[in-house]
Amino acid sequence: MIALVKRDLILALRAGGGFGLALAFYLILVSLVPLAVGPETGRLAEIAPGILWLGALLANLLSLDRIFQLDWEDGALEGLATAPLPLEGIALAKALAHWLSVGLPLAVLAPVLAVLLNLPGAAIPWLVAALVLGTPALSMIGTFGAALTVGVKRGGLLLSLLVLPLYVPSLIFGALTVARAATEQDPLPSLALVAGLSMASWAGLPFAAAGALRINLR
Amino acid sequence: MASLWEYANPQRFMAFSARLLPWTAGLAAFCLVTGLIWGFFFTPDDFRQGSTVKIIYLHVPSAIMAVNAWLMMLVASIIWVVRRHHVSALAAKAAAPVGTAFTLIALYTGAVWGQPMWGTWWEWDPRLTAFLILFLFYLGYMALWQAIEEPDTAADLTAILCLVGSVFAIISRYALVFWNQGLHQGASLSLDAETNVHNVFWYPLLVCLAGFGFLFLALVLSRTRMEIRARRLHAMIARERLA
């Protein structure tokens, strides 16, 4: 399982595309926002928590179809399915690799972008905490969605239609954490809920993802 | 009494639903006509809301049935996953567009009602937002059915999506309450509450509710029959090609 995570990480780093692309997309999306809504710093600070979370979510979404698609096309997924590791473990490893290569870098990049959007300084640690604790849920839900649509040709749009409604709870609590920190309210309850969502999805969704993979590999 | 599972046999289901369909359709028509005419023309106007209150006879039943349609799909999906009855999978597939339509009716009548009452067509209130998200779930579910050609694979994958989606739909519902205390009033109809709406409005509403329930049943039955026939046709064409 560790070997699989390593392999996916190396592929993400060396094959180009996946790793840097999501970060670049996040950067561009956030820097386009002031151009769209105007440069007043007060207004930007007000919408910053939502924009930062929405950007992270979309950047995450962008890289989802790579989780299984390449392995599916070259047959590596069938090889993995016959490995001694159960499919649940493979789904878990894939989600972990996706989080390490996309979710974690996004959380690291977020403070820089937060400064661009003039988010109050007190909220920045909470932003990082919410993204670090919240993006695992996004990766796991995305892995489930990718497992569902792996057999569909050009399933990218379908994938986003399936996955985005599932992102709703994480988005609500994640953005709320940052917004509460920015307005000097206690952000801890919503942060705890974000973390809870991540843990619950890591506990339950590998089984659903493995079920979907098994059906697709039939 | 015969077991319920006997109707999992498509042949039996077709025979039984052929007998049941005229009754449900007839009851649906009867209840809807009676309930709506009673509600629209023979109930007094509300003293604060005027005649706009009458949209309740469309809004509440369709909203209730929109949620129940998803629950029915959930039960049908579980039956398909556990017992592999094709009729069940097809019933879940058949219910999705009907549920979508009910969701749309509830959203639309809600907007029409909200405009004079709240002064806005749309408000990001937990109930309204939850319904919008339910609508998105229906769209995703139907899109997944469309996208996969192999029927059994499609049935399996949509069943999994329905199960996972249900969990997330419930979480979203409570997340939204946390997110925003809304504008929508609380439930004004429950069987145990003491402060229900007045009986004058209550009885026609019950009739409409029954009408929407029968309508749902009739539509799902006829759509399931259609799906079974389509499946048979498909099998016949495949057999012709082989011969």
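**Questions on a predicted two-chain model**

Q: Where in chain A does Asn118(A) lie?
A: Asn118(A) sits in the loop between helix H6 (87-116) and H7 of chain A. Helices (H or I, at least four residues) and strands (E, at least two) are DSSP runs, numbered from the N terminus. Residues count from 1 along each chain as its sequence is written, while chains are lettered from A and ligands numbered from 1 in the order written. The model is predicted, so local features need pLDDT of at least 70, side-chain atom pairs count only at pLDDT 80 or more, and totals for chains, interfaces and linings use all residues.

Q: What makes the phi of Asn118(A) worth a note?
A: Phi of Asn118(A) is positive, about 65°, although Asn118(A) is not a glycine. Glu184(A) is another non-glycine residue with a positive phi, near 60°. Glu184(A) lies in the loop between helix H8 (156-182) and H9 of chain A.

Q: Why is Asn118(A) called partly exposed?
A: Count the other C-beta atoms, placed from the backbone, within 10 Å of a residue's own: 20 or more is buried, 12 or fewer is exposed, and in between is partly exposed. Asn118(A) has 17, so it is partly exposed.

Q: Why is Glu184(A) called exposed?
A: Glu184(A) has 10 other C-beta atoms within 10 Å, so it is exposed.

Q: Why is Ile215(A) called buried?
A: Ile215(A) has 21 other C-beta atoms within 10 Å, so it is buried. Ile215(A) belongs to helix H9 (residues 188-217) of chain A. Across the chain, 52% of the 218 residues of chain A count as buried.

Q: Which residues does Ile215(A) touch?
A: Setting aside residues up to four places away in sequence, Ile215(A) touches Thr153(B), Asp156(B) and Leu157(B). Contact means that the C-beta atoms, placed from the backbone, lie within 7 Å.

Q: What makes up the side of chain B that touches chain A?
A: The contact joins 21 residues of chain B to 21 residues of chain A. Helix H4 (126-147) and helix H5 (151-179) of chain B each supply at least two residues of that side of chain B. H5(B) gives the most, with 12 residues. By type, that side of chain B has 17 nonpolar, 3 polar and 1 charged. Here Ala, Val, Leu, Ile, Met, Phe, Trp, Tyr, Cys and Pro are nonpolar, Asp, Glu, Lys and Arg are charged, and the others, Gly among them, are polar.

Q: Why is H4(B) called roughly antiparallel to H5(B)?
A: The axes of H4(B) and H5(B) come within 10 Å and cross at roughly 170°. That angle makes the pair roughly antiparallel. Angles under 35 degrees count as roughly parallel, over 145 as roughly antiparallel, 65 to 115 as roughly perpendicular, and the rest as oblique. Axes are lines fitted to C-alpha atoms, for helices over the stretch in contact, and angles run from 0 to 180 degrees between N-to-C directions.

Q: How do you know that the radius of gyration of chain A agrees with a compact globule?
A: The radius is taken over C-alpha atoms, and the globule rule is 2.2 Å times the number of residues to the power 0.38. For 218 residues the rule gives a value near 17 Å; chain A has 18 Å, which agrees.

Q: How many helices and strands does chain A have?
A: Chain A has 9 helices and 0 strands.

How values were computed: Two residues are in contact if their C-beta atoms, placed from the backbone, lie within 7 Å.
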